Amino acid sequence: MKIAVLPGDGIGTEIVAEAVKVLKALDLKLELEEAPVGGTAYDQHGHPLPEATLKLAQAADAVLFGAVGDWKYDKLERALRPEQAILGLRKHMGLFANFRPAICYEQLTHASSLKPELVAGLDILIIRELTGDIYFGQPRGRRQAPDGHFPGAEEAFDTMRYTRPEIERIAHVAFQAAQKRGKHVTSVDKANVLETFQLWKDVVTEVGQQYPDVKLDHMYVDNAAMQLVKAPKFFDVVVTGNMFGDILSDEAAMLTGSIGMLPSASLNSNRQGLYEPSHGSAPDIAGKGVANPLATILSAAMMLRFSLNQPEAAERIETAVKKVLAQGLRTPDIYSEGTTKVGTREMGEAVLKALTP
Ligand code: IPM
Ligand code: MG
């Protein structure tokens, strides 16, 4: 089983190092190979996604990814910014299905900004389409406005678009995921305004007819944003487009107390996947040894389950994480009075120790 390890920028290197330790401690035949990505790769090779890094990722069974980005690259032309690395990997590997669970751990209920009774036991799975929509739609660019409110003025434009097959495949992913959990899918759209999302709604409805055991409802994205903070436990599986999924998954993450706890998986149709924490590179705390490695460690568990077919190993990691939380160990992002504050490395070590019962 080949794993490409791409730590990236900011806290990426620190958190991935802990996840790698955990992976190596399992008695599995894993072949890990590291490569630069993001701003780090730009500094070393002049490109955020060097050819060699992409090749390594494409040849691997799975990619363990840290995070990319730093303000210092904001002035580069777009094609060279760190974010292009993750967008390029998604595109070239065809990673169209993004799983972002938002689970509120029992011990962290009070870390949420919402009232404990609203989030206790929360378990939502956001399924975000990841290779289409306004993120990748052509044409896009800058020009002189040919018409509109200010003809002739400088203008920028992007294109929101989805084809039927793109919507069908992500809908199947969502319904099949729901069958294994709460049997409830909420499709989030903006069909009241956008043609793209009228097609989205129509196609999801059609696909839903093949899954009579799953309850389907539709929600406009503005209402979904509101319901997520009003009554989050209404949701089981949320399926939505690339852009809405980007926004709603950050919102859902905060319900759980800390984005530092949440893993994610991005899969293609061969079950090849990229696994990364839901959070970013956090340059403000990089190098300080305080970042929470649990989201990355839990991403490694998702990798074992989804791409490497090692469900027992995945469960061992997840159980170990629950154990360290029960022991009261907390990185600063999830710290509260009466618990023990630890750094990145101590947290990783604690998970390692907890792997063996
Ligand atoms: C995410 C991030 C990315 C996105 C950025 C870094 C390109 O926000 O994975 O949610 O917008 O998809
Ligand atoms: Mg995002």
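How far apart do the C-alpha centres of domain 1 and domain 2 lie? Here are some notes to read alongside the model, which is a predicted one.

1. **The two domains.** The C-alpha centres of domain 1 and domain 2 are 25 Å apart. Domain 1 is made of two stretches, 1-99 and 259-357, while domain 2 covers 123-255. Their contact draws on 13 residues from domain 1 and 17 residues from domain 2.

2. **What the interface buries.** About 1300 Å² is buried between domain 1 and domain 2, and carbon and sulfur atoms give 71% of that area. On the domain 1 side, look at Phe96, Asn98 and Phe99: these residues lose the most area to domain 2, and together they make up 49% of what that side buries.

3. **Polar links across the interface.** If you go looking for salt bridges between domain 1 and domain 2, the count is zero. Two residue pairs are in polar contact across this interface, both at pLDDT 80 or more. Helix α4 (83-93) and strand β4 (97-103) each supply at least two residues of the domain 1 side that touches domain 2. That side divides into seven nonpolar, three polar and three charged residues.

4. **Arg90.** This arginine is found in helix α4. Is Arg90 buried or exposed? Arg90 counts as buried because its relative accessibility is 7%, under the 20% cut-off. Setting aside residues up to four places away in sequence, Arg90 touches Leu95, Arg100, Arg128, Leu130, Thr131 and Glu276.

5. **Backbone points to check.** First comes the bond joining Gln138 and Pro139, which is cis, with omega about 0°; Pro139 lies in the loop between β5 (123-129) and β6 (141-144). Next is Arg271, with a positive phi near 70°, in the loop between β11 (263-267) and β12 (273-277). Arg271 is partly exposed, at a relative accessible area of 42%. Then there is Asn309, not a glycine either, with a positive phi of about 55°. You will find Asn309 in the loop between α10 (294-306) and α11, and at 63% relative accessibility it counts as exposed.

6. **Ala326.** Helix α11 spans residues 311-326 and includes Ala326. With 57% relative accessibility, Ala326 counts as exposed. Thr339 is 13 residues away from Ala326 along the chain, and their C-alpha atoms are separated by 9.8 Å.

Key. Residues numbered from 1 in each chain as written. Chains lettered and ligands numbered in written order. Predicted model: local features only at pLDDT ≥ 70, side-chain atom pairs only at ≥ 80, totals over all residues. Heavy atoms only, no water. Domains from an automatic or database assignment. Contact = heavy atoms within 4.5 Å. Buried area = accessible area lost by both parts, 1.4 Å probe. Salt bridge = Lys/Arg side-chain N within 4 Å of Asp/Glu carboxyl O. Polar contact = N/O pair within 3.5 Å; in protein donor to acceptor, adjacent residues only side chain to side chain. Helix = DSSP H or I, 4+ residues; strand = E, 2+ residues; numbered from the N terminus. Nonpolar A, V, L, I, M, F, W, Y, C, P; charged D, E, K, R; others polar. Buried < 20%, exposed > 50% of the residue type's maximum accessible area, 1.4 Å probe, protein only.
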